[in-house]
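Hi,

Here is the structure I promised to pass on.

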Amino acid sequence: MLLFGMTRIFMVRIGIMQFNIRRVQVAFTALLVMISACSTMPGAGPSPDKTYQLTVLHTNDHHGRFWQDDKNQFGMAARKTLIEQIRQEVAAEGGHVLLLSGGDINTGVPESDLQDAVPDFKGMNMLGYDAMAVGNHEFDNSRDVLEMQEDLAEFPFLSANIVDKKTGQLLFKPYTTFTFDGLRVAVMGLTTDDTPKATAAENVQGLRFDKPVDAARKLVPELEEKADIIIAATHMGHYADGKHEVNAPGDVTLAREVNGIDLIVGGHSQDPLFQPDRQNDTWIVQAQEWGMYVGRADFEYKNGQLSLMDYELIPVNHEDSDIQFAHDPAMIKLLRPYQEKGLKLIQGKVGSTDQRLQGQRSEVRYQPTNLGTLLTQAFLAKTGADFAVTNGGGIRASIEPGEISYKDVLMVFPFGNTLTTTEMTGQQVLDYLNVVALMPTSSGAFAHFSGVEMAITNDGVKDVVIKGKPLDLAQNYTMATLSFSAGGGDGYPDVSGYPGFKDTGFVDADVLREFIEKNSPIQVADYQPAGVHRR
């Protein structure tokens, strides 16, 4: 692997200072106007025949993992050691480094969630991130929390397609620029337009999420006048061959439909791209999730030509990895108080389970699972409803065999949704099931059920049975589901306006905790999915 280097932050800041001083002098003398146009000046463009070395480091879908896990994997302290080693290597070769995030810093670990991801953003500051794409999970909190996080960050939040409807202005900076010894680099941000259906409606009220492709088409020509290299930091997802199914179009579509983007640093689909995907002269990269990897792309630029010299995903202290990185002491000192405070907030045994309850993304978005059954059974037990539904995307973690802690519960349900009930006629139930039961696999909309039996065919649901009796179209039934789904999240029918709708106010994690306490030890054999068949 080629080793490139640079004097990163200091040279950028010195270059900016020099540029600003010259701008003042321009006002007084035409001579310095001519000097400022010279190719050797910062911001004036790269020198002819000079080979520039640029290393782009990237992560995405951090989801609250500021601290290493129980197996000492991942974590910001080890990530800092790795990143600083790369910066030193690159500096020794006279190159330059950018560190970018594909977004979704929020939501996933209670120690972070209960502290509004403050430790995560402070950790990113210490790591020296240069820019971040705004992810859909940045809207999991109220707007004042998002604004606090943006103020806390020492790097820009970027999104060129989120518009404040009232003012018509972009909510975030659309792009930022860097100059490295004359080489001009622009980084723009783009956010999936699935965000409104993937988060609580009140947190995106008054905002418009334009199609990222449309926003990029407008912005790239402007950036081509200002930059030699254009990077898109996105939170849109990588879908092979552009086949995004029920999801909004992702990075492959962006690369194919918008010319002029050199590199897409992505997130959202949480894929480990061990080799960049090349589409329409655009490289697409993504580093899975949680800081499990740091992506490293080494480029050379000369006379208008950008070449990718080397690429790798570097594992951060994986249990089976031969290379382990020491935990940076300064990062540990910064984060330890937050970790200790977070642990105090989530202490307590809730119960136990004899087997694993399946809640991984690769499980709950593709097939019914025992955890999906247990959760919907908990909804029924709390409300007395006839049947219950929950979306796979709302299930965020498995529960391992043995003791179940309050932290385990919060890992499963980190969003703080409330439990709702809706009175529906049999016909409304049938119409509802014909939408949610046919949601495709691989999406967060994939549905889990309790209290209802049915056959799911390409033509719709058949042979629906509730409480042991065939569905009566004229009879009334009560459905339980979480507020996110009830309000139309993940493309579910919005039932919040039904006359028989009620928000119980019971928080999802509290409902799950109560159910486990009452039914512990959990016998997983009692929660095997049954009654829903696909033909």
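The buried residues of helix H12 are covered by a set of elements that includes strand E16 (387–391), helix H13 (406–412), strand E18 (418–425), strand E19 (447–450), strand E23 (476–482) and helix H16 (508–519). Before I go on, please keep in mind that this is a predicted model.

So how much of H12 is covered? Mostly covered is the answer, with ten of its 14 residues buried. If you want to click through them, the buried ones are Asn370, Leu371, Gly372, Thr373, Leu374, Leu375, Thr376, Ala378, Phe379 and Leu380. The helix runs over residues 370–383 and spans 20 Å from its first C-alpha to its last, close to the 20 Å expected at 1.5 Å a residue. After H12 comes glycine 384, with a positive phi near 75 degrees.

Next, helix H5 (residues 118–127), which packs against two other helices in my notes. Its contact with helix H6 (residues 143–152) has an angle of about 20 degrees, and the axes are 9 Å apart. Angles under 35 degrees count as roughly parallel, so that is the label for H5 and H6. The crossing of H5 past H6 is right-handed. On the H5 side you will find Val118, Phe121, Lys122 and Asn125, and they meet Met148, Gln149 and Leu152 of H6. By class, that contact has four nonpolar residues, two polar and one charged.

How do the axes of H5 and helix H10 (residues 329–345) cross? At roughly 170 degrees, coming within 10 Å of each other. Anything over 145 degrees counts as roughly antiparallel, which is why H5 and H10 get that description. From H5 the contact uses Val118, Pro119, Lys122, Gly123, Met126 and Leu127, while H10 brings Ala330, Met331, Leu334, Leu335 and Tyr338. Sorted by class, the contact of H5 with H10 has nine nonpolar residues, one polar and one charged. Val118 and Lys122 of H5 turn up in the contact with H6 and in the one with H10.

Leaving out residues up to four places away in sequence, aspartate 328 touches Ala77, Lys80 and Thr81.

Where is the cis peptide bond? It joins serine 520 and proline 521, with omega about 0 degrees. Proline 521 sits in the loop between H16 and strand E25 (532–534). Both of those residues touch serine 352, along with Gly402, Glu403, Ile404 and Ile522, again not counting residues up to four places away in sequence. Serine 352 itself belongs to strand E15 (residues 349–353), and with a relative accessible area of 18% it is buried. Serine 352 and serine 405 are 53 residues apart along the chain, and their C-alpha atoms are separated by 8.3 Å.

Aspartate 104 lies in the loop between strand E2 (96–101) and helix H4 (110–113), and with 1% relative accessible area it is buried. Glutamine 288 has a phi near 60 degrees, also positive without being a glycine. You will find glutamine 288 in the loop between strand E12 (282–285) and strand E13 (293–302), and at 17% relative accessibility it counts as buried.

Last one: is histidine 244 buried or partly exposed? Partly exposed, at a relative accessible area of 22%; the cut-off for buried is under 20%. Histidine 244 is in the loop between strand E9 (229–235) and helix H9 (251–257). Apart from its neighbours within four places in sequence, histidine 244 contacts Tyr239, Pro249 and Thr253. In sequence, histidine 244 is 198 residues away from serine 442, while the C-alpha to C-alpha distance between them is 9.9 Å.

Cheers

Technical notes. Residues are numbered from 1 along each chain as its sequence is written. This is a predicted model: local features need pLDDT of at least 70, side-chain atom pairs count only at pLDDT 80 or more; totals for chains, interfaces and linings use all residues. Side-chain values use heavy atoms; hydrogens and water are left out. Axes are lines fitted to C-alpha atoms, for helices over the stretch in contact, and angles run from 0 to 180 degrees between N-to-C directions. Helices (H or I, at least four residues) and strands (E, at least two) are DSSP runs, numbered from the N terminus. Angles under 35 degrees count as roughly parallel, over 145 as roughly antiparallel, 65 to 115 as roughly perpendicular and the rest as oblique. A crossing is left-handed if the near helix is turned anticlockwise from the far one by less than a right angle, and right-handed if clockwise. Contact means heavy atoms within 4.5 Å. Ala, Val, Leu, Ile, Met, Phe, Trp, Tyr, Cys and Pro count as nonpolar, Asp, Glu, Lys and Arg as charged, and the others, Gly among them, as polar. The expected span of a helix is 1.5 Å times one less than its number of residues. Buried means under 20% relative accessible area, exposed over 50%, partly exposed in between (1.4 Å probe, protein chains only).
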